[in-house]
Amino acid sequence: MSVLFQMTYIQALSKGPVSLTVLINNFGMLIPVFVSALVFKEPFTGWRIAGTVLTGISFLFNVEMTGSGGIDKRWLVPAFATFTANGLLSVTQKVYTVVGVANEIGGFVCSAYFAATVLSGLIYLGLSISGQKKTFRIKPKIIASAALIGIILGLFQALNTYAAGVIDGTLLFPSYNGGVTLLLTIIGVLLFCERLDKRRWIGTGTGIIAIVLMSIPV
């Protein structure tokens, strides 16, 4: 799922508008939310439903929709695949926390990343053999930076998998996705001196309200 997500996300970004691609990717949270509610019977109260809806509205306000006209029809397939793969990636973590063993999360994440590395290498090799033109060369600097990013992402995935086992998915996934959007907005304002227009202020405020609502005890 991780490799499929990365490949389809790149394809979607290259064939269609970035804003809509990011938006559709964010809405992938709906898949694990519904799985958590319908399959694992986790509480999906009125507050959490309202918070999930407001999180979606926050995405709409925070994504710049201008310049999205004239969409290439070839974009639809990778965009939908990105939405699906992103959602199913979270579902696999949720399923593991239910059927797996709590103290094996490190092994689960390491095994998953090892499998993804091997699969990515095979895909790269297959594309090279097929004669596809390479746009970059793998240099030692790239390997070092990729390894560092991999360690950071591995720690994140371990924490995310652990959280999926101790926090209801109906709360975790919408609040996580909404929280990431808010954090990126705050970082943009504080570190990069970005100025928010009225639309994004509304989106940020809506996201904060959504997280508060979903945090109300059931």
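Visitor: What is the mean pLDDT of the protein chain?
Guide: This is a predicted model, and pLDDT is the predictor's confidence in each residue. Here the mean pLDDT of the protein chain is 86. Of its residues, 94% reach 70 or more.

Visitor: Which elements have the lowest and the highest mean pLDDT?
Guide: Helix H2, residues 18-26, has the lowest, at 85. Helix H3, residues 30-38, has the highest, at 94.

Visitor: How many aromatic pairs are there?
Guide: Rings pair if their centres lie within 6.5 Å. By this rule there are five aromatic pairs.

Visitor: Why is the pair of Phe27 and Phe59 edge-to-face?
Guide: Look at the angle between the planes. Over 60 degrees counts as edge-to-face. The planes of Phe27 and Phe59 stand at 85°, so this pair is edge-to-face. The ring centres are 5.8 Å apart.

Visitor: Which parts does the pair tie together?
Guide: Phe27 lies in the loop between H2 and H3. Phe59 lies in helix H4, residues 46-62. The pair therefore ties together parts that are 32 residues apart in sequence.

Visitor: Is Phe59 buried or exposed?
Guide: Buried means under 20% relative accessible area. Phe59 has 1%, so Phe59 is buried.

Visitor: Where does Asn25 lie, in which helix?
Guide: Asn25 lies in helix H2. Its relative accessibility is 9%, so Asn25 counts as buried.

Visitor: Which residues does Asn25 touch?
Guide: Leave out residues up to four places away in sequence. Asn25 then touches Phe5, Tyr9, Thr82 and Asn86.

Definitions and conventions. Residues numbered from 1 in each chain as written. Predicted model: local features only at pLDDT ≥ 70, side-chain atom pairs only at ≥ 80, totals over all residues. Heavy atoms only, no water. pLDDT = per-residue confidence, 0-100. Helix = DSSP H or I, 4+ residues; strand = E, 2+ residues; numbered from the N terminus. Phe/Tyr/Trp six-rings, centres within 6.5 Å; stacked < 30°, edge-to-face > 60°. Buried < 20%, exposed > 50% of the residue type's maximum accessible area, 1.4 Å probe, protein only. Contact = heavy atoms within 4.5 Å.
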